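Work through the following exercises with the structure in view, and try each task before reading its solution.

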Amino acid sequence: MTSSTTDFANTARRVIEIEIAGLQALAESLDGAFGAAVQMILSARGRVIVSGMGKSGHIARKIAATLASTGTPAQFVHPAEASHGDLGMVTREDVALVLSNSGETPELADLIAHTRRFSIPLIGVAARPDSTLLRQADVALVLPQATEACGTGVVPTTSTTMTLALGDALAVALMEHRAFTPEHFRTFHPGGKLGAKLSKVADLMHTDMPIVPATTAMPEALLIISQKGFGVVGVTDAEGRLIGIVTDGDLRRHMDGLLSRSVAEVMTRTPRTIAPTALAEAAVAVMNECKITCLFAVDEGVPVGILHIHDCLRAGVV
């Protein structure tokens, strides 16, 4: 390892340690204003309008996206665009969350004035309690004084990290109050790897199932196995409950006189099943554990679908 590589690593550690110190200071500084901000957002009948300029604008976009994906309707509004017509996006039903480390960003003036003119609740986030933004805000969230990690004090580093963490804290507090679940999250995030992991069995299963009654002769069952293409056939009793399954292993074990038997004589009884409401990832775990490729989804013992491992692969669950 060269000395320059070591120096780079030391710089990285120093930056991270400075930002950690900033986050610790932020955690210790939180007071009743944070709770007031959460209550203000909960009371809003519209959206959270998140705004900021420059680096604060980038953080604002992320906070708006996090809020929107966790059950709090939110939208980013660029402050410069707001001055040229986008103020029409900010209504009396909304609450504004405005970010500015200095609290004196000129481009925010029209947006702040708009919230005051129409009595739109305003939450301000800044590092200076006496700044214009925080003096005008209904709720002031003050960032603690912290050293920027750049070493010169001019590059937003620790300050933007603290602002981002504060936004995450607001989103999680709102989530917990609303009892927001992974299933709710999937509603707003159906795509991507996370959406796939939150897919339910019912989302991926096939309802056109290979199912036969227990009295079915094996030649007919073999025809169903071939037609449906899952390599198995489920066996039901007179009430329609799943009581067994015939797999290729069962066929090999009963090869002698197979065509003269009924499925009840060949099947494996009480097969592994899963609920249609279970996560598809849980179904994959069962299939891996049992070294099988298919699972019947059952509701109160009655088969309602069948899931193949390839369905999970195509959906990106595994």
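**Exercise 1.** How many disulfides does the structure hold?

Solution. Before counting, note that this is a predicted model, in which local features need pLDDT of at least 70 and side-chain atom pairs count only at pLDDT 80 or more, while totals for chains, interfaces and linings use all residues. Residues are numbered from 1 along each chain as its sequence is written, and side-chain values use heavy atoms, with hydrogens and water left out. A disulfide is a pair of cysteine sulfur atoms within 2.5 Å, and the structure holds zero of them. Cys290, for instance, is in no disulfide, and the nearest cysteine sulfur, which belongs to Cys294, is 13 Å away.

**Exercise 2.** Decide whether Cys290 is buried, partly exposed or exposed.

Solution. Buried means under 20% relative accessible area, exposed means over 50%, and partly exposed lies in between (1.4 Å probe, protein chains only). The relative accessible area of Cys290 is 28%, so Cys290 is partly exposed. Cys150, at 25% relative accessibility, also counts as partly exposed.

**Exercise 3.** Describe how helix H2 packs against helix H7.

Solution. Helices are DSSP runs of H or I with at least four residues, numbered from the N terminus. Axes are lines fitted to C-alpha atoms, for helices over the stretch in contact, and angles run from 0 to 180 degrees between N-to-C directions. H2 (residues 32-43) and H7 (residues 158-177) have axes 10 Å apart and pack at an angle of about 60°.

**Exercise 4.** At what angle do the axes of H3 and H7 cross?

Solution. The axes of H3 (residues 55-69) and H7 come within 10 Å and cross at roughly 15°. The two helices, H3 and H7, are therefore roughly parallel to each other.

Definitions and conventions: Angles under 35 degrees count as roughly parallel, over 145 as roughly antiparallel, 65 to 115 as roughly perpendicular and the rest as oblique.
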